[in-house]
Amino acid sequence: MDDALTLQGERLSSRLLLGTARYPSPAILAESIRASGAEIVTVSLRREAGGSKAGESFWSLVRESGAKVLPNTAGCRTAQEAVTTARMAREVFETDWVKLEVVGDEDLLQPDPFGLVEAAKILISDGFRVFPYMTEDLVVAERLLDVGCQVLMPWAAPIGSGRGVNNLFGLRALRARFPNVRLIVDAGLGAPSHAAAVMELGYDAVLLNSAVSRAGDPVAMARAFGLAVEAGRLAHRAKPMTPRDFAEPSTPVLGRPFGE
Amino acid sequence: MRIEVNGEEREIAASTLAALLAELGYVELPVATAVNLAFVRGADRAATPLREGDKVEIVSPKQGG
């Protein structure tokens, strides 16, 4: 069954996107990427002291993984910070893809929808392919599509919280409202069952980091998420049965011994 | 002259952004730069003068989610 995901013109066989932060070691990161099957990994830019080779060695590890990179603008608080960070990332990582994050609330790391739309508009007119990290708000989604986003990335729950889906209705409504837009659930997932659940809702892909990197065994968890995403996707395509309140015998009733 | 590099004030001899990168040991490393919140391309660093009080950002690849 050909069920490839096309993202911004790129054909992908895996529907799991993986973050690269907070792994116990670079070797475990590299092995986790492999085990997850992810073909896209997120990366960032940070200040570094002169003479340090840390950035260079991380970048070569990512390149060796063969994965395509999706740089983020994590931690940016204004549209201007995010736009400048995206431009710096485009030069260093040689990609026009950007996971656009504009933080609006420090405690929840909740996206600032106003800054997000403003930055997305500037970046798209500058040739970027923008993957906006957003809440599940339908109106924000509409505005982001209006300025030219082709992919939307609603959260399931706050970054790094591992809570799973906070607003199931909201995610279902977003999927139903924009049936033809690529929707990726990004952030807040903790267990593979959470990933399977959003894939069953019809989400196109899942992006996560801490759920793998903070697990007791990140490599095994990476594989578990890869399988869960695939299972959820298959289940969505197989059209799950409709739930009902009362039992309905699965074994035929006709011909039951001792019957009337 | 005194400028701010990655949030830290320092006294520097360089008068251009390219010279600053050389002075601080960033040559041949994968870095990107911004001056006063505006992105400066690698190709433009030699022609980007620095002035007293400028805020320079020098960033490099890092793990991210």
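I take exposed to mean over 50% relative accessible area, and buried to mean under 20%. The model I am reading is predicted.

**Entry 1. Helix H6 of chain A**

The exposed residues on the face turned away from its buried side are A:Phe169 and A:Ala176.

Which residues of H6(A) are buried? I listed A:Gly170, A:Leu171, A:Leu174 and A:Arg175 for this helix, which runs over residues 168-177. Viewed down the helix axis, these buried residues of H6(A) fall within an arc of 135°, so they line one face.

I then checked what the buried residues of H6(A) pack against. The partners in chain A are helix H5 (138-146), strand E10 (151-154), strand E11 (182-186) and helix H7 (192-200).

**Entry 2. Helix H5 and its contact with H6**

I turned to H5(A), where A:Val140, A:Ala141 and A:Leu144 are buried. They span an arc of only 105° around the axis, which puts them on the same side of H5(A). I found the buried residues of H5(A) packed against helix H4 (113-125), strand E9 (129-134), E10 and H6 of chain A.

For the pair itself I noted the geometry. Two packed helices are described by the angle between their axes and the distance between the axes. H5(A) and H6(A) pack at about 35°, and their axes are 10 Å apart. The crossing of H5(A) past H6(A) is right-handed. On the H5(A) side the contact is made by A:Leu138, A:Ala141 and A:Glu142, and on the H6(A) side by A:Ala173, A:Leu174 and A:Arg177. I sorted the residues of this contact into four nonpolar, no polar and two charged.

A:Ala141 is buried in H5(A) and takes part in the contact with H6(A). A:Leu174 is buried in H6(A) and takes part in the contact with H5(A).

**Entry 3. Two alanines of chain A**

I looked up A:Ala187, which sits in the loop between E11 and H7 of chain A. Is A:Ala187 buried or exposed? With a relative accessibility of 8%, A:Ala187 counts as buried. Setting aside neighbours within four places in sequence, I found A:Ala187 in contact with A:Tyr133, A:Trp155, A:Ala156, A:Ala157, A:Ile159 and A:Leu207. I also noted A:Leu208, which is 21 residues from A:Ala187 along the chain, with 5.6 Å between their C-alpha atoms.

A:Ala197 lies in helix H7 of chain A. A:Ala197 is partly exposed, at 36% relative accessible area. From A:Ala197 to A:Ala228 I read 31 residues in sequence and 8.8 Å in space, C-alpha to C-alpha.

**Entry 4. Positive phi**

Most residues other than glycine have a negative phi. I recorded two residues with a positive value.

A:Leu109 is not a glycine, yet has a positive phi of about 50°. A:Leu109 is in the loop between strand E7 (103-105) and strand E8 (110-111) of chain A. Its relative accessible area is 29%, so A:Leu109 is partly exposed.

B:Asn6, also not a glycine, has a positive phi of about 45°. I placed B:Asn6 in the loop between strand E1 (2-5) and strand E2 (8-11) of chain B. B:Asn6 counts as buried, with a relative accessibility of 13%.

How many helices and strands has chain A? I counted nine helices and twelve strands in chain A. Its C-alpha trace spans about 85 × 40 × 35 Å along the principal axes. Of the contacts in chain A with a separation of 6 or more, 65% are between residues 24 or more positions apart.

Chain B has one helix and five strands, in the order β-β-α-β-β-β along the sequence. I noted a span of about 35 × 25 × 20 Å for its C-alpha trace along the principal axes. The radius of gyration of chain B is 11 Å, which agrees with the value near 11 Å for a compact globule of 65 residues. In chain B, 43% of the 65 residues are buried. Among contacts in chain B between residues at least 6 apart in sequence, I noted that 53% join residues at least 24 apart.

Key
Residues are numbered from 1 along each chain as its sequence is written. Chains are lettered from A and ligands numbered from 1 in the order in which they are written. This is a predicted model: local features need pLDDT of at least 70, side-chain atom pairs count only at pLDDT 80 or more; totals for chains, interfaces and linings use all residues. Side-chain values use heavy atoms; hydrogens and water are left out. Buried means under 20% relative accessible area, exposed over 50%, partly exposed in between (1.4 Å probe, protein chains only). Helices (H or I, at least four residues) and strands (E, at least two) are DSSP runs, numbered from the N terminus. The arc is that of the directions from the helix axis to the C-beta atoms. Contact means heavy atoms within 4.5 Å. Axes are lines fitted to C-alpha atoms, for helices over the stretch in contact, and angles run from 0 to 180 degrees between N-to-C directions. A crossing is left-handed if the near helix is turned anticlockwise from the far one by less than a right angle, and right-handed if clockwise. Ala, Val, Leu, Ile, Met, Phe, Trp, Tyr, Cys and Pro count as nonpolar, Asp, Glu, Lys and Arg as charged, and the others, Gly among them, as polar. The radius of gyration is taken over C-alpha atoms; the globule rule is 2.2 Å times the number of residues to the power 0.38.
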